[in-house]
Amino acid sequence: IKIENDLYKALEKNEFIIYYQPQIDYRTKEIVGVEALLRWNHPTEGMISPEVFIPLAEETGLIVPIGEWVLRNACKQMKEWHQLGFPKIGVSVNLSVRQFEQNDLFSVIKKILGDVELEPKYLYLELTENQLIKNKEVTLQTLEQLKNLGISIAIDDFGTGYSSLGYLKNFPISTLKIDKSFVMDLIEDSDDAAITDTIIILAQNLKLNVIAEGVETKEQAEFLFSRDCFYMQGYFFNRPISASEITAKYVLTN
Ligand code: G
Ligand code: G
Ligand code: NA
Ligand code: MN
């Protein structure tokens with residue numbers, strides 16, 4: 001349909017913007033990172049959610065150039081924030097399966113970091129469990145290259161995928177992100193509380209970082225804090241906001 005045709009031109013027409021959602025250390029309430037979340041500002045339809053256009057972009061293969069654009073601009077933005085005196089935090093970028101299937105992914109990312117002069121340690125890549133098991137050999141090789149360069153890998157939506165825990169041993173992963181579906185009902189649903197507890201302990205035992213996403217209330221934040229899960233992301237702290245709002249709120253006040 002029509003929106004699909006528009007998607008082909010959206011990049012050159014400069015219709016994408018990246019929003020950033022802060023990640024907080026609950027102990028200090030300081031910002032420790034931001035996640036880049038893509039938005040499409042369609043000329044007539046208005047803001048279109050990635051839940052609508054990312055699947056289209058994946059089907060058409062457009063996710064590859066779009067994803068590269070996100071990586072480049074998110075890294076460039078972070079470099080700019082560092083230069084403005086923002087604390088030296090990292091940026092997380094979501095990757096699609098299709099991007100991972102490009103055999104030049106590593107060199108593309110390396111080139112972007114070089115071009116914008118951002119140190120690799122400030123880049124986090126978010127992958128889902130399903131992505132990791134799609135093509136184990138290629139994935140492992142690429143992840144090892146990325147890790148050796150200094151880039152960190154986070155597992156997004158942890159606990160919702162179709163994978164075994166064994167891959168946590170084999171893949172060079174630094175962070176688990178507890179899926180928001182568990183966090184959301186943490187207080188009311190003892191099963192979700194138990195799953196969340198277990199993910200936190202799993203991360204601690206494997207010496208991985210753990211971050212909870214979708215934190216919307218103080219009660220949820222306090223629960224997580226009481227379990228020593230300190231890193232959090234969600235509407236309770238911030239919605240995803242534009243780069244200039246991040247600058248105004250966090251950079252200029254620092
Ligand atoms: O903010 P939220 O509505 O932003 O995002 C909806 C979904 O779109 C999430 O699953 C998120 O991971 C995905 N998403 C957001 N930005 C990107 C992106 O740049 N690349 C990919 N592959 N997915 C993204
Ligand atoms: O799939 P991924 O985890 O990348 O998607 C993150 C999605 O979660 C984005 O759509 C983002 O806008 C959304 N999000 C971020 N914080 C919250 C929150 O506190 N509650 C809910 N319901 N969604 C959130
Ligand atoms: Na994500
Ligand atoms: Mn997620």
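In which hand does H5 pass H7 in their crossing? Keep that question for the helix stop below.

**Before you start**

This is a predicted model, in which local features need pLDDT of at least 70, side-chain atom pairs count only at pLDDT 80 or more, and totals for chains, interfaces and linings use all residues. Residues are numbered from 1 along each chain as its sequence is written, while chains are lettered from A and ligands numbered from 1 in the order in which they are written.

**Stop 1**

Select residues 16-25, strand S1, and residues 30-42, strand S2. Helices (H or I, at least four residues) and strands (E, at least two) are DSSP runs, numbered from the N terminus. S1 and S2 pair in the antiparallel sense over 10 bridges. To count as a pair, two strands need at least two bridges found by DSSP. Now pick Ile-24; opposite stands Ile-31 in S2. Move to Ile-17, which stands opposite Arg-39 in S2. In a regular strand, side chains alternate between the two faces of the sheet. Next, the turn: four residues lie between S1 and S2 in this hairpin. Select Lys-29 there; its phi is positive, about 65°.

**Stop 1**

Asp-25 stands opposite Tyr-231 of S9.

**Stop 2: other partners of S2**

Select residues 90-94, strand S4. S4 pairs with S2 in the parallel sense, over four bridges. Find Val-34: its bridge partner in S4 is Val-91. Now select residues 46-48, strand S3, which runs antiparallel to S2 and is joined to S2 by three bridges. S2 and S3 form a hairpin with three residues between them. Asn-41 stands opposite Met-47 of S3.

**Stop 3: ligand 1**

Show ligand 1 and the residues near it (C-beta atom, placed from the backbone, within 6 Å). The surrounding residues include Leu-37, Leu-38, Ser-49, Pro-50, Glu-51, Ile-54 and Pro-240. S2, helix H2 (50-60) and helix H3 (63-83) each supply at least two residues of this shell. H2 gives the most, with three. By class, the shell has seven nonpolar, four polar and one charged residues. Ala, Val, Leu, Ile, Met, Phe, Trp, Tyr, Cys and Pro count as nonpolar, Asp, Glu, Lys and Arg as charged, and the others, Gly among them, as polar.

**Stop 4: ligand 2**

Switch to ligand 2, with 13 residues around it. Asp-156, Gly-214, Glu-216, Gly-234 and Tyr-235 come nearest. This shell divides into four nonpolar, four polar and five charged residues.

**Stop 5: H5 against H7**

Select residues 105-116, helix H5, and residues 136-149, helix H7. Their axes come within 9 Å and cross at roughly 20°. Axes are lines fitted to C-alpha atoms, for helices over the stretch in contact, and angles run from 0 to 180 degrees between N-to-C directions. H5 and H7 are therefore roughly parallel to each other (angles under 35 degrees count as such). H5 passes H7 in a right-handed crossing: the near helix is turned clockwise from the far one by less than a right angle. Leu-105, Phe-106, Ile-109 and Lys-110 of H5 make the contact with Thr-142, Gln-145, Leu-146 and Leu-149 of H7. Contact requires C-beta atoms, placed from the backbone, within 7 Å. By class, five of these residues are nonpolar, two polar and one charged.

Technical notes. Angles under 35 degrees count as roughly parallel, over 145 as roughly antiparallel, 65 to 115 as roughly perpendicular and the rest as oblique. Two residues are in contact if their C-beta atoms, placed from the backbone, lie within 7 Å.
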